[in-house]
Amino acid sequence: MPLDQLKQIVLETLDDMKARDVQVLDVRGKTAVTDYMIIASGTSDRHVKAIAETVAFRAKDAGETPLGAEGLAEGEWALVDLNGVVVHVMLPKVRDFYGLERLWSVPTAATAPRLTIVSA
């Protein structure tokens, strides 16, 4: 399945499931694990689990079997690995604590500003 189509399925599912604060991070060039990380919040542990389970189900239904899912038992932070797209669904307090958006927005060596040292 084309990556853009998979990403769209995930985003539509998150919208249908009333996920909050959805962020799409393009992490190509920052990690070899995936191309996109999609981060969303749920309102309760049951909501987090339901969102993650539905994302996995709809991806599989569309022909993209998840490589794995983690955290469904606890429900504070669930992860669905769809290879080119990794979906994180978290409670807001967990999301604030880990700050994945800040972590993955750090520039890579190729895009970081160059530092020039000038001596007097």
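Where is the place of Thr-34? Thr-34 is in the loop between strand 1 (20–26) and strand 2 (36–41).

Some ground rules, quickly. This is a predicted model, where local features need pLDDT of at least 70, side-chain atom pairs count only at pLDDT 80 or more, and totals for chains, interfaces and linings use all residues. Residues are numbered from 1 along each chain as its sequence is written, and side-chain values use heavy atoms, leaving out hydrogens and water.

Back to Thr-34. Its relative accessible area is 3%. So Thr-34 is buried (under 20% relative accessible area, 1.4 Å probe, protein chains only). What does its side chain reach at 2.9 Å? The backbone oxygen of Asn-83. The backbone oxygen of Gly-84 also lies 2.9 Å from a polar atom of the Thr-34 side chain. Set aside neighbours within four places in sequence, and Thr-34 is in contact (heavy atoms within 4.5 Å) with Val-27, Asn-83, Gly-84, Val-85 and Val-86.

Now the helices. Two packed helices are described by the angle between their axes and the distance between the axes. Here, helix 1 (residues 3–16) packs on helix 2 (residues 45–61) at about 140 degrees, axes 10 Å apart.

Which residues make the contact? From helix 1: Leu-6, Ile-9, Val-10, Glu-12, Thr-13, Leu-14 and Asp-16. From helix 2: Ile-51, Thr-54, Val-55, Arg-58 and Ala-59. By class, that contact has seven nonpolar, two polar and three charged residues.

Terms used:
Axes fitted to C-alpha atoms, helices over the stretch in contact; angles between N-to-C directions. Helix = DSSP H or I, 4+ residues; strand = E, 2+ residues; numbered from the N terminus. Nonpolar A, V, L, I, M, F, W, Y, C, P; charged D, E, K, R; others polar. Buried < 20%, exposed > 50% of the residue type's maximum accessible area, 1.4 Å probe, protein only. Polar contact = N/O pair within 3.5 Å; in protein donor to acceptor, adjacent residues only side chain to side chain.
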